[in-house]
Amino acid sequence: MKTKKRCFWVDGAEENMIEYHDKEWGKPVHQDRQHFEFLILEAAQAGLSWRTVLNKREGYRKAFCNFDPKKVAKFTPSQVEKLMLNPEIIRNRLKINAAVTNAKCFLEVQKEFGSFDKYCWQFVGGKPIVHKNRTRADFRATSLESDLFSKDLKKRGFKFVGSTIIYAHMQAVGMVNDHTIDCFRYPQITRVSR
């Protein structure tokens, strides 16, 4: 049986990382709740590995009300304290507080634009940017688009949304196709992107 060729970062990875790569990473997302989920998870990753966050994803789902921004925006200081004791998530006060702040800001963006999806896709002209990455050296950590998106989010009060975090968000939600051209997902995602 022939093994599927995947992006280099999946080599030797655990099953949940392979499944994430094969089914989610780079697939265009247009549901606001998924956008909010990835904003929380990408912020949680700051300074850590994606593997660490992915292993705690279900804990985050439970702790953050299935990534419902309306519910998270109403978290009280006592709920934040409770989260600080939850071993199923990354117990970093700044990141937890950022999730609550970002939920409030997320709702404001929805009010202004009709949806967060409509807002964020404007930074890539409404369709994914398709790169032709061949090697590790071809990958980037930021882009002009992530710089602009990050700057606008910060202006709106969002936290933990630096350009690197936002570029990772853009990769996760398919605003950027960064699969290597020899990865079996590259043509599938590129087709969806058109």
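Predicted model: local features only at pLDDT ≥ 70, side-chain atom pairs only at ≥ 80, totals over all residues.

Trainee: Let's switch to H2. How many residues does H2 have, and how far does it reach?

Mentor: H2 covers residues 32-45, which is 14 residues, and spans 20 Å from its first C-alpha to its last. That is close to the 20 Å expected at 1.5 Å a residue.

Trainee: How many of the residues of H2 are buried?

Mentor: Eleven of the 14, so H2 is largely enclosed by the rest of the structure. Among them are Phe36, Phe38, Leu39, Ile40 and Leu41, and the charged residues Asp32, Glu37 and Glu42 are buried as well.

Trainee: What follows H2?

Mentor: Gly47 does, and its phi is positive, near 80 degrees.

Trainee: What does the side chain of Glu37 make a polar contact with?

Mentor: With the side chain of Arg57, at 2.8 Å. If you leave aside neighbours within four places in sequence, Glu37 is in contact with Arg57, Arg61 and Phe67.

Trainee: And Arg57, where is that found, and is it buried or exposed?

Mentor: Arg57 is found in helix H4. Arg57 counts as buried, at 9% relative accessibility.

Trainee: Which residues is Arg57 in contact with, leaving aside neighbours within four places in sequence?

Mentor: Tyr20, Glu24, Glu37, Phe38, Leu41 and Phe67. Two of those, Phe38 and Leu41, are also on the list of buried residues in H2.

Trainee: New topic: cavities. How many are there of 30 Å³ or more?

Mentor: The count comes to one. The largest cavity holds about 70 Å³ of space.

Trainee: Which residues line the largest cavity?

Mentor: From H2 you get Leu39, Ile40, Ala43 and Ala44. Tyr60, Phe64, Ile90, Lys95, Ile96, Ala99 and Asn102 are in the lining too. H2 and helix H7 (93-113) each supply at least two of the lining residues.

Trainee: How do the residues of that lining divide by class?

Mentor: Nine are nonpolar, one is polar and one is charged.

Trainee: What about His30, where is its place?

Mentor: His30 sits in the loop between H1 and H2. At 43% relative accessibility, it counts as partly exposed.

Trainee: What is His30 in contact with, leaving aside neighbours within four places in sequence?

Mentor: His35, Asp117 and Trp121. With Asp117 there's a polar contact between the two side chains, at 3.1 Å.

Trainee: And how far apart are the C-alpha atoms of His30 and Asp11?

Mentor: They are separated by 29 Å, and the two residues are 19 residues apart along the chain.

Trainee: Last topic: backbone angles. What is phi of Cys65 near?

Mentor: It is near 50 degrees, a positive value in a residue other than glycine. Most residues other than glycine have a negative phi. Cys65 lies in the loop between helix H4 (57-63) and helix H5 (69-72), and it is partly exposed, with a relative accessible area of 28%.

Trainee: And Phe160, what is its phi near, and where is Phe160 found?

Mentor: Phi of Phe160 is near 55 degrees, again positive in a residue other than glycine. Phe160 is found in the loop between helix H9 (144-155) and H10. It counts as partly exposed, at 26% relative accessibility.

Terms used:
Residues numbered from 1 in each chain as written. Heavy atoms only, no water. Helix = DSSP H or I, 4+ residues; strand = E, 2+ residues; numbered from the N terminus. Expected span 1.5 Å × (residues − 1). Buried < 20%, exposed > 50% of the residue type's maximum accessible area, 1.4 Å probe, protein only. 1 Å grid on protein atoms, 1.4 Å probe; cavity = no way out; pocket = protein on both sides within 12 Å on 5 of 7 lines; lining within 4 Å. Points joined across faces, edges and corners; volume = space filled by probe spheres on them. Polar contact = N/O pair within 3.5 Å; in protein donor to acceptor, adjacent residues only side chain to side chain. Contact = heavy atoms within 4.5 Å.
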